[in-house]
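Good morning, and thank you for coming. I would like to present one structure to you today, beginning with a pair of charged residues.

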Amino acid sequence: MVRNFQRELDALIETLGDRRPKLLLHSCCGPCSSYVITYLNDYFDITVLYFNPSIYPTEEYLHRKEVQLDLIEKINRETEHEVKFIDSDYDHDSFLEIAKGHETDPECGERCRECYLQRLTETGRVAAENGFEYFCSTLSVSPHKNAALLNELGEAVAAQVRVLWLPSDFKKKEGYKRSIELSKVYDLYRQDYCGCEFSKNSRLSE
Ligand code: SF4
């Protein structure tokens, strides 16, 4: 049976009542997180984790992080529920190690699977260490990202770290379209490649 992750999230939110569980939200960038944060902030106490070793080059990584922080600051000016932020070390070599042999894979192939897993594993670890009830990632907002795979990996990590995975497919409910609109509202830089040098090179050769 094909799962509908948005419907699962809707059903879970229904059960929360007035409770606002602590959610660790892995974010790949400001634009993708714009929709996800503004959507989930009605229901969860959100902390954004910026852990993206795949992003290349370093200047791009730092720029995307600045955009992320800028967005959170702007959202926090408008909301009664403060969004928090956790930074991470940037170790691009750790990404190159897991991408070895998959440099020419198309987007959504094995390299991306390893890249998702690296980010979700760290998010689960930080969530467990810091007493979060749920964790998830903004990644599924992109039409280029496989929500079924992200949820499968997220659930596998959740079973290991004993933190709940938030089922999600944020491109539903026009999430991707909203992220473009919100990027304009919040005046956010939108990159034109996913993140790693391999995605950058394939974008340049198009
Ligand atoms: S294309 Fe994106 S998801 Fe795939 S490996 Fe590169 S940064 Fe990761």
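Predicted model: local features only at pLDDT ≥ 70, side-chain atom pairs only at ≥ 80, totals over all residues.

Arg64 and Glu60 are both buried, where buried means under 20% relative accessible area, exposed over 50%, and partly exposed in between, with a 1.4 Å probe and protein chains only. Residues are numbered from 1 along each chain as its sequence is written, and side-chain values use heavy atoms, with hydrogens and water left out.

Arg64 and Glu60 form a salt bridge, their closest N and O atoms lying 2.7 Å apart; the term requires a side-chain nitrogen of Lys or Arg within 4 Å of a carboxyl oxygen of Asp or Glu. The two residues are 4 apart in helix H3, residues 58-78, and so are separated by about one helical turn. Helices here are DSSP runs of H or I with at least four residues, and strands are runs of E with at least two, numbered from the N terminus.

Helix H3 also holds Arg77 and Glu73, again 4 residues apart. That pair forms a salt bridge at 3.1 Å between the closest N and O atoms. Arg77 is exposed, at 61% relative accessibility, whereas Glu73 is partly exposed at 46%.

Which parts of the chain does the pair of Arg3 and Glu155 link? This salt bridge, at 2.7 Å, joins the segment before helix H1 (5-14) to helix H6, across 152 residues.

By this rule, the count comes to 17 salt bridges.
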